Amino acid sequence: MTDDIILKFADAEILLDESAYHRIKDYNDPSNLVDSLIKHLTISPQEMMVLTGDWVDKYLGQLNDDFLGSNYVKTDKIAQMKLVPQDFDFQIIKDASRKSYTNGEIKDLSSYFKSRYHKLKELLNYKRELKDSYPIKEATSLDDVVKIIGMVSDIRNTKNNHKLIELEDETGSATVLIHNENHEVFQQAEMVVKDEVIGVVGSRKGTLIMASELINPGVPRIDEKPMDFATVFLSDIHIGSSTFLNEEFNRFIHWINGDFGDEEQQEIANNVKYVVVAGDMVDGIGVYPHQDKELTIKDIHQQYEEAARLFGEISHVKIIVAPGNHDACRLAEPQPAISEDYAKGLYDLKNLEFVSNPAMVSLDGIKVLIYHGRSFDDMAMTVKGMSHQQSDLIMKELLEKRHLAPIYGERTPLASEIEDHLVIEEIPDVFHTGHVHINSYKRYKGVHLINSGTFQSQTEFQKIYNIVPTCAQVPVINNGSLKMLDFS
Ligand code: D5M
Ligand code: FE
Ligand code: ZN
């Protein structure tokens, strides 16, 4: 029998560790237990699993008395169980936690803007239209076609409703005029924001440059990558707030553990390998005046302890957590990963990883750009037609601008680092954000743009601003396509 146990599992592509082997061998009917375990352990294709003693105990705990000692299994009473996949291919491609430092001197601000300018100029240099661009100082003394790359220092309307964009590089500045009869370019100009880096093709008219083209660093269309697993996207859970939707979140946990939902939903649950949390895991303390009146857990450590208790119930998938503006973290972006001082219980979870905001990770080769989304407040306030309700449009525009928070000095605090970590240097397969508490999804040039909504019902603050959250709606990318799961 000894060899039989191992062989039968090997045929089913399941490996046993020593404790599992002994538990099964010492059971009163090992052969029946082996068959039943193999029948109920689901593994995804190409995944070799390791069965542990703990799993055998858990499985035996699920069987009711009818089954023990008998020769059959009551399948309807046994939830399908999934083993810990041993082959997470998880990598951090970019994390600002360790790299980001500044002593706050003003020279850092100038190196910060220099870094932003040079990174984005590099991308613009690849554009066919900007081949052979020249420094602004030279361009203003030429009178044929002008091609320049600069950072926007100001943008305003003239009294005749044309637009003037002030553009700067290290050699000088130029004033670019966009005529309102040039409809296409004028529409593009309405999307331009302060401190972004753009290219301009035009002609010199006296001291002005008349724009015929405005060029963003842009994004090429990317190829679809095969995905044979599911990734769950969460954000803005706000644990500790009196408006945190505890019951709905518990339903989510039951689902991911295979104990809730219809057949299709359970199949998706069985396929989940990663959960990504894009900030505001807890409600925090002192985030806004009189917040304590809206808290059920008033201590930040206790909020993370509660988070550890809830996320601790998920043991078979890898969980990746980035901070948001409610987390115990410096507010200036890039925000470093939440520290162990605040979130000890979460650090103790072996399947949980902390990253910075923003961060880029690779999940089995799928690149996910995680950004909480604070800059959406600035974009919604500044750009005509943009709103919290349609964060997918903002995400698309940020991708085109290749910067996560282009506007400096408004509501999004940006650390004046020596390097600008918010430039989107690499195109992700998935761009995952939160903050607005309203779900959105769009496929743009092959990139999945996802806003993962919230597990917090409408707050007093949101009532004042008429922000209506979409609660407990969880986006999942299952085998490459989006599924929305509703836990409300
Ligand atoms: O953000 C919760 C919601 O409130 C989200 O829709 C953004 C909005 N919000 C938050 N702060 C601001 C500011 N300063 N201006 C405009 N809208 C804002 P949360 O980060 O969870 O508090
Ligand atoms: Fe939030
Ligand atoms: Zn937020």
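Me: What is the accessible surface of the protein, and what share of it belongs to carbon and sulfur atoms?
Reply: In this predicted model, the accessible surface (Shrake-Rupley method, 1.4 Å probe; for residues, only the protein chains shown count as cover) comes to about 21,500 Å². The share of that surface belonging to carbon and sulfur atoms is 49%.

Me: At what pLDDT do side-chain atom pairs count?
Reply: Residues are numbered from 1 along each chain as its sequence is written, chains are lettered from A and ligands numbered from 1 in the order in which they are written, and side-chain values use heavy atoms, leaving out hydrogens and water. As the model is predicted, totals for chains, interfaces and linings use all residues, local features need pLDDT of at least 70, and side-chain atom pairs count only at pLDDT 80 or more.

Me: What percentage of contacts in the protein, between residues at least 6 apart in sequence, join residues at least 24 apart?
Reply: The protein has 14 helices and 21 strands (DSSP runs: H or I of at least four residues, and E of at least two). With contact meaning heavy atoms within 4.5 Å, the contacts between residues at least 6 apart in sequence include those joining residues at least 24 apart, whose share is 69%.

Me: Is H432 buried or exposed?
Reply: H432 belongs to strand β17, residues 430-433. Buried means under 20% relative accessible area, exposed over 50%, and partly exposed in between (1.4 Å probe, protein chains only). Because its relative accessible area is 0%, H432 is buried.

Me: Which side chain forms a polar contact of 2.9 Å with the side chain of H432?
Reply: Leaving aside residues up to four places away in sequence, H432 touches several residues, including F233, V276, Y371 and I450. Its side chain reaches the backbone oxygen of L234 at 3.4 Å. A polar contact is a pair of N or O atoms within 3.5 Å; within protein, one must be able to donate a hydrogen and the other to accept it, and residues adjacent in sequence count only if both atoms are side-chain atoms. At 2.9 Å, the side chain joined to that of H432 by such a contact is that of S452.
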